[in-house]
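Welcome! Take a moment to look over the sequence and the 3D view, and then we will walk through a few features together.

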Amino acid sequence: MTPTFDQLDTDVLIVGGGLAGLRAAIAAAEGGVSVMVACKRKAGRSGNTLVAEGGIAVSSSGVDPGDSIEQHIEDTLTSGKGLCDPDLTRLLAENSEKEVFGLTRFGVVLGRDKSGDLLRGQPPGHTKRRSVRTETDHLPKNARGQSITLPLLKFAENLGVTFLDRTPVLRLVSRDCAIEGALAMDEEKERYLFIRTKAIIIAAGGAGQMFSHTNNTADITGDSYALALDAGATLRDLEFPQFYPNWGISPFRSTISSVMMGDGAIFRNKDQERFMPRYYPEAKDMATRDQTSLAIFREVQAGRGVEGGVYFDASGVDQEVLEVKYHHLTEAMRRLGLEFGKDPVIVAPVVHHYMGGISVNGHLESGVRGLFAAGEACGGTHGANRLSGNALSECVVFGALSGAAAAEYVKGCEVPHSAGEDSIAAMLPSLVFQEEGPDIADLRREMREINWEKNGIIRTEENLLAGLGAIEKIRDLLQGGKIRKPDHLIRYHELLNMLDTSEAAIRSALIRKESRGAHFREDYPGEDNENWLGNVFVRKTGAGIEAWFEPIPAAVETKASSAPAK
């Protein structure tokens, strides 16, 4: 195949069209520079924001009179089990009120009850009622995030932001550790694009689709992390994927907000026992997501599960609260002839979010000049476990800050050199189309099962090493660039990204020989602050992907809770 190219120019390129990318686009455009957004699917209608429940954490006395920025910081640090970057955590809390309520400037409507008061909630791990949500009753239950993204998309379009839909970015181009552009593909024209740019903001989400059990949308495949690695950036904390315990598996498949635990919902096993107090006597059903997921997994392991999960009992939630705050769920049940809070609902843990990501400083800059990150692409804010609602807050806060920082950065940059076709062609694998080539879809399914079974909720060194070997075998099958037909081309690049991110995550999990937050090692079941209070970092070298551990100063230690008993 002889590749053909078009070249485009922009000051700032944003990879990803979800909430973080859209907020970054607005901030950069308002900073007076040209902005382009490349999205694997359609901007505003893809990524995990699309299926988000809409709960956004905001520290504001207007939401809870007893709340404060310092309390939000303390809750986040405590949940992160000592591994959060305190500067990023403070950035999140200090800017949450401004940016969350600032969404109304773009046309986002916040949800209110019949009295006109903000709908507020207290998810597990938060000590105050600091969760607000958007008005979503007019949207399908699996597309409620459009209540945020579509208004921002329209606002960005009106600012003159250019959107390249169905245009996945395949590779970032850097020279002397500075960004020069990106290689993308126009999926509809099957034509490569070289996008010359002074700065790039990676906002393409996490990596849930690396696992066979996830509630992430199909386009969340670890692109953020693989692109950054390939460009020379460092990743951190990739041993910490967050498992979401409240994924409905019967009678419907949907995320059930953990905010409902603060409204009175509880978990029960097949014997109708309320089991969470047995694992966490103080927190009970308000335990954090990492704790709850592990407890559910233990119940299923012990034979006390139901269809691979447990019962979600909402009978303790006031009926008016169910009807107002969780209207989409009550309606989903009624369409099945059932009543939420009375008829059985079964939930099971799935991969939901990545706490780790690109290592950035307080200006959202990576170690590569001109390369920024926002949203779930970032690592450091959440440490070993993320609190509910902090993800959407991180998207709007870090989206705004990275966009403004990128706009300021490019004003002092020279225009990068144009890339010739020969140099672009040299970036691509030599592809051969032949019928006996490996089936990309089959390899992807195999990789997802490997990650779930070997690098899932419970890990051991034996399983992690087996997973690493299996990942390497899949990569070997892709050597030589043999694929069956041209329309597999994008999936081929995507699978390479997933393999790089998988390897980085497994190598990180192998290094951390303890259990902390979402990382549970059955061969090292205790939390070890003496030896493992620190972060695991990952980078790509000429010899491949390497990971290493760095202890953090004792000054940022926070209290950490132990893992549940077996």
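Is the crossing of helix 14 and helix 15 left-handed or right-handed? The crossing of these two helices is left-handed. Keep in mind as you explore that this is a predicted model.

**A pair of packed helices**
- Two packed helices are described by the angle between their axes and the distance between the axes.
- Helix 14 covers residues 461-478 and helix 15 covers residues 489-511; they pack at an angle of about 155°, with axes 10 Å apart.
- Because angles over 145 degrees count as roughly antiparallel, helix 14 is roughly antiparallel to helix 15.
- On the helix 14 side, the contact includes Leu464, Leu468, Ile471 and Arg475.
- On the helix 15 side, the residues in contact include Tyr492, Leu496, Leu499 and Glu503.

**The nonpolar core**
- The largest nonpolar core contains 95 residues.
- Among the residues with the most contacts inside this core are Ile14, Leu152, Ile358 and Leu371.
- Helix 11 (residues 390-410) gives the most to this core, contributing 9 residues.
- Beyond its neighbours within four places in sequence, Leu371 is in contact with residues including Leu172, Ile200, Ala231 and Glu365.

- Strands of a sheet pair through backbone hydrogen bonds, either parallel or antiparallel.
- Here, an open sheet of 3 strands has the order 3-5-4, and its pairing is antiparallel.
- Strand 3 (56-57) and strand 4 (120-121) are the edge strands, each pairing on one side only.
- Strand 3 is joined to strand 5 (residues 131-132) by 2 bridges.
- Ala57 has Ser131 of strand 5 as its bridge partner.

Terms used. Residues numbered from 1 in each chain as written. Predicted model: local features only at pLDDT ≥ 70, side-chain atom pairs only at ≥ 80, totals over all residues. Heavy atoms only, no water. Pairing = 2+ DSSP bridges. Helix = DSSP H or I, 4+ residues; strand = E, 2+ residues; numbered from the N terminus. Core = buried A, V, L, I, M, F, W, Y, C linked by side-chain atoms within 4.5 Å. Buried < 20%, exposed > 50% of the residue type's maximum accessible area, 1.4 Å probe, protein only. Contact = heavy atoms within 4.5 Å. Axes fitted to C-alpha atoms, helices over the stretch in contact; angles between N-to-C directions. Parallel < 35°, antiparallel > 145°, perpendicular 65-115°, else oblique. Left-handed = near helix turned anticlockwise from the far one by under 90°.
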